[in-house]
Amino acid sequence: MLRWRRISQIAVADLRGSHGRASVLSRTNKHPFTIAAVGCSSSNLSPLAAAANSFTDAGGRGGRADVVLAAALAICAAGLLPRDDNGDAAAQTEESTYTPPSSFADGDVERSWQRTIDESIPSIVSLKVNSTRAFDTTMPGASQATGFVIDAEKGLILTNRHVVCPGPIVAEAVFVNHEEVPVRAVYRDPVHDFGVLQYDPSRLRHLSAQAIKSLELDPKAPRVGMDIRVVGNNAGEKLTISAGVLARLDRAAPVYGRNCYNDFNTFYFQAASSTSGGSSGSPVLNKEGKVVALNAAGKVGTAASFYLPLDRVKRAVNLIREGKPVLRGSLQTTFVHRPFNELTRLGLDPETEAGVRERLEEEVGMLVVQSLVPMGPADQLLQPGDILLRLGGKLITRFCDLEEILDDSAGSRVTLSVLRGGEKKQFVCEVQDLHSITPSEYLEMGDSVFNNLSYHQARNHILPVPSSVSSNHSETTTNHHAPDRGQQPGMLTGVYVAHAGHMLRSAGIATGSLIQSIGDVETLNVQALEAALSALPDGCRVPVRCAHVSHKSQSAVTVLRIDRRWYPMNLVKRSDETGSWVVTPSPTPPSPAPEANLRADAPPVKTRLPPGSNAAEKALSSSLCQVYFSMPYMIDGTAGSEFKGTGVVVDTEKGLVVVDRNTVPGSLGDVQLAFGASLRVPARVCFIHPLHNLAFLSYDPKSIGSTPVTAAQLCQETDIAPKHKAEKVTLVGLSGSLRSGAQLTSTVATVSENNSHAASLTYPPRFTDCNLDTLGLAGVSPTATQDGVVVDKSHETVLALWSSFPMQVNSNGRLQELQIFQGIPADIILEVLEPLRKGETPLLNTIGAEFEYIGLAQVRGIGLDDATIELLEARAVRWPPQLLSVRRRWADFPAMTSLEDGDVLLTVDAKPVQTFREAELAVSGKDSVMVEVLRGGQRVTTLINTVGLGTDETSEILLWAGAVLQKPPQAAGRQRAVSREGVYVASLTRGSPANWYGLQPTCRIIEVDGLPTPNLTDLLTAVRSKKDGESMRIKQEDLRGNVQVTTLKLDLKYWPTYRVLKAASQSSDKEGMVVTGTTTDNRYTWTRELIPSP
């Protein structure tokens, strides 16, 4: 267990070192010593305490006992006392506070570590780093780490490369006095795990420049057995001190994963200091206060910690101080260090071994080629298993010597000698500049991020680095010739997908893919990709060849729809002079053209429909289509962003299609319909049912040409389950995908009793159907994954839309997303279809309450009289007879004040009501109704106004500080009685200020800097005058009503503000892109407006 003491305003972690648990002697602010001894059992301490007590003067007063006790505890701190029988240092802590004589303050122990720590701490900072974009091996997000000042005058801070990150970051350094200053990245090493940040020393107002010293790097000091202290932000505790002893200086570099950044061509040091998350970049100090290594990693589940040696670090730091470029050379070859006994098996002859041992007495091995990057400088010259003998004429057995020569030779050629199977070979090889094969730019488009394939990923997956194709080399050994190093057949190249967002997800392209070509244009690098995409109009479709780096032997061609509608397209380049990333909008693309099959001169379009294998399939084949919906932003609590389902055509003249809301949860997104074997057309969301699981779409009938599509005939009966109970029916649907094509499926079943669909609470709140009697099918599992329509035995009439209903279940304390399938009666569809056919917006009345069924026995116990119960039993069509009870009331609806939970509904306008559908029809088209309920054993009659609900869709969102903001969704009010005032945080983007500073999804922002924000307009008014880097106070309220205040600092460079608005008809959007697509293309019913920063 992590234990710490507050000493001199520093949290000191008593973490296990290689000799037990660390102990710290420190002065408090009033100068007595607070001695925390950890790592010594009471049995270990008792003889020392007894010895200390024997040091008394003649008068019986304590003499030098304090010195002995303190010395004993110092011995514990060094780990010199014996351990417990189990081999571990005891975990018991004994603490004493004492004011020693002045002579002790100058003791060797205090002088060796306390002064070192006191002098070093002001130079060690806690780093808060926010990676704003996915880039190479790094994903966006916030993290904590450590750094330390290596040049106080220039404000240079040394930390790890994986902290600095290869891509854009926003970072701050927090000094020991809690002063916070921004830092920028000035260097990240292409290979090794170190980087340099810089702050402006003049921005420190309270910590004096004299207090911050430049910690000295001493790469020559480390030795096995050296006592060290790792001082840093361990486990997020801001500043902790962990003790250890260097146990190894020749450990292999740690491996973090196949798709991760991995250091190589270097040794690592090892000690048991138990460093963990947040301590990355901590200095490893010796007693003299010099930094002997850089903390980089630890092994999970153990105390082992790994440190980077400082040989190449010090060279880079010196060059940065002098304002010179840090040249780094590479053969694109990975070497490993192997001991002599293994080298003998690889072909090392005794004579060579003896010569190496004689010249380098302490050497125990040599470097061996482990792997080579295809088409790199040494490819087809060196081979795995080659033993490196000389480089540039110098005997090489260590990584530091290897890299010294390569760095000094970057951009030139070098001679190297190897031993291969006992035969010596010599080559002349080009040394490549590592920075030239390290990506420093990315393209963002359609919420996706692309960058050139990095050396690290090329090495991880044995792929060529894009800029390596033009390299060359030669061999001087007789009968060996260097091959032509042009593009090799079958060699996988392309632009790396660092993040597959909205545009790529729709095409099935995953993160980690390589984009090889767009259309017939090869895309070897980011510039080629930008040029190819810029030449394509928004909304067009283009074939893309791609392959995943993990499956490089297999590529695929998919169809990509170009998207600039929801996200901008920018090329972003790193500036090494300023350390910032410069955003440049990509070239203006051609104007979007109408769908090809909608042009006046377009040839007739027709596709063949599935033939069907039985009468039901043949009857429904011309009325079914596949619906594909893709959401660019996460709103309304939806559980995903890509959806697919079966739609049924209900009007061919208007081009109307109905589908469930689990397929089309809202109107913000791209909608496509797939008919038959080969036809894909855009569609528009025209109505989202506010009460039930239905969405209505429209397509342009001209877009399908002469394809023989027909409208399904819908059943007009209500309460169909009892009327068709036990009848044989057929479930008909479509399966497949855009890539594989669609095929008809059908299942014969029998109608069962009505299923009462009860809405459950979800997190986040999202639409769930309620007050609905669904059709059940015996013989079809409700958890099966097939949707479609249920047709009667004549195969002519659709009884119900077989729909998917989302739900959540608690599985071992975690919410699990599930879906069940049930039938929505066709008469509910007809209720909305009629006004849509007339071009009207349907209006559905409700009092705003969710009901549940309750048995008559329960109602009798509540107080309903026997006569009424007998009457209900006599008129019952269903069995058992039931009534409706108020389960939940919706916020801001009349039922909230007129009804109470548990009320039993008896009549509406004096007519008995026993089913969900009866209650719904009883209020349909009425402004108010007289409702009679049973409450507390008494009949209560009340007049309740109704509310007319139109389409249930979010029509405006705000993209602000990386958060997606909207009006609180109806589901929040229905499930949690949350008011629809305030601005609802729908979702956050990783790496954004909203994510970094703690905005919480599902919370409502109710104030900004003391100004109320009841809606999006007021919030935009409150924040639009804020400049980049300004902070503000935000008051937010969660679903339970808890209010908290947080602060947020704007980053308008990476996270500008956009307003996304649905408009019925627009001639152009706010960014100047002319809307020439049809109004049946849902994407063109929305505009995205950039809110300029002041």
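Biologist: Start with H502. Buried or exposed?
Modeller: H502 counts as buried, because its relative accessibility is 1% and the cut-off for buried is under 20%. Keep in mind that this is a predicted model.

Biologist: Which helix is H502 in?
Modeller: H502 sits in helix α11, residues 502–507.

Biologist: What does the H502 side chain make a polar contact with?
Modeller: With the side chain of D670, at 3.1 Å.

Biologist: And what else is H502 in contact with, leaving aside neighbours within four places in sequence?
Modeller: The list includes G446, D447 and S448. D563, W566 and Y567 are on it too, as are S630, M631, P632 and E642.

Biologist: Where is D447 placed?
Modeller: In the loop between β29 (441–445) and β30 (448–452).

Biologist: What about the phi of C165?
Modeller: C165 has a positive phi too, about 70°, and is not a glycine. C165 lies in the loop between α5 (161–164) and β11 (169–174). C165 is buried, at 5% relative accessible area.

Biologist: Switching to peptide bonds. Which residues does the cis bond at P764 join?
Modeller: Y763 and P764, with omega about -5°. P764 is in the loop between β48 (741–757) and β49 (772–778). The bond from W879 to P880 is also cis, with omega near 0°. P880 falls in the loop between α17 (866–874) and β55 (882–889).

Biologist: What does L777 touch, not counting residues up to four places away?
Modeller: V729, L731, A749, T750, V751, S752, V790 and W802.

Biologist: Let's look at α22. Which of its residues are buried?
Modeller: L1016, L1019, L1020, A1022 and V1023, in a helix that covers residues 1016–1023. Down the axis of α22, those buried residues fall within an arc of 160°, so they line one face.

Biologist: What does N1015 do at the start of α22?
Modeller: A side-chain oxygen of N1015 comes to within 3.2 Å of the backbone nitrogen of T1017.

Biologist: Next, T707. Where is it?
Modeller: T707 is in the loop between β45 (695–698) and β46 (713–714). T707 is buried, with a relative accessible area of 6%.

Biologist: How far is the backbone oxygen of I704 from a polar atom of the T707 side chain?
Modeller: 2.8 Å. Leaving aside neighbours within four places, T707 is in contact with V605, K606, T607, L609 and L679.

Biologist: And P806, which strand is that in?
Modeller: P806 is in β51, residues 797–811. The C-alpha atoms of P806 and Q819 are separated by 4.4 Å, and these residues are 13 apart along the chain. Beyond four places in sequence, P806 touches N662, F767, T768, L818 and Q819.

Biologist: Last bit, the whole chain. How many helices and strands?
Modeller: 22 helices and 69 strands. Of the 1094 residues, 57% are buried.

Biologist: What share of the contacts with a separation of 6 or more comes from residues 24 or more positions apart?
Modeller: 68%.

Definitions and conventions: Residues are numbered from 1 along each chain as its sequence is written. This is a predicted model: local features need pLDDT of at least 70, side-chain atom pairs count only at pLDDT 80 or more; totals for chains, interfaces and linings use all residues. Side-chain values use heavy atoms; hydrogens and water are left out. Helices (H or I, at least four residues) and strands (E, at least two) are DSSP runs, numbered from the N terminus. Buried means under 20% relative accessible area, exposed over 50%, partly exposed in between (1.4 Å probe, protein chains only). Contact means heavy atoms within 4.5 Å. The arc is that of the directions from the helix axis to the C-beta atoms. A polar contact is a pair of N or O atoms within 3.5 Å; within protein, one must be able to donate a hydrogen and the other to accept it, and residues adjacent in sequence count only if both atoms are side-chain atoms.
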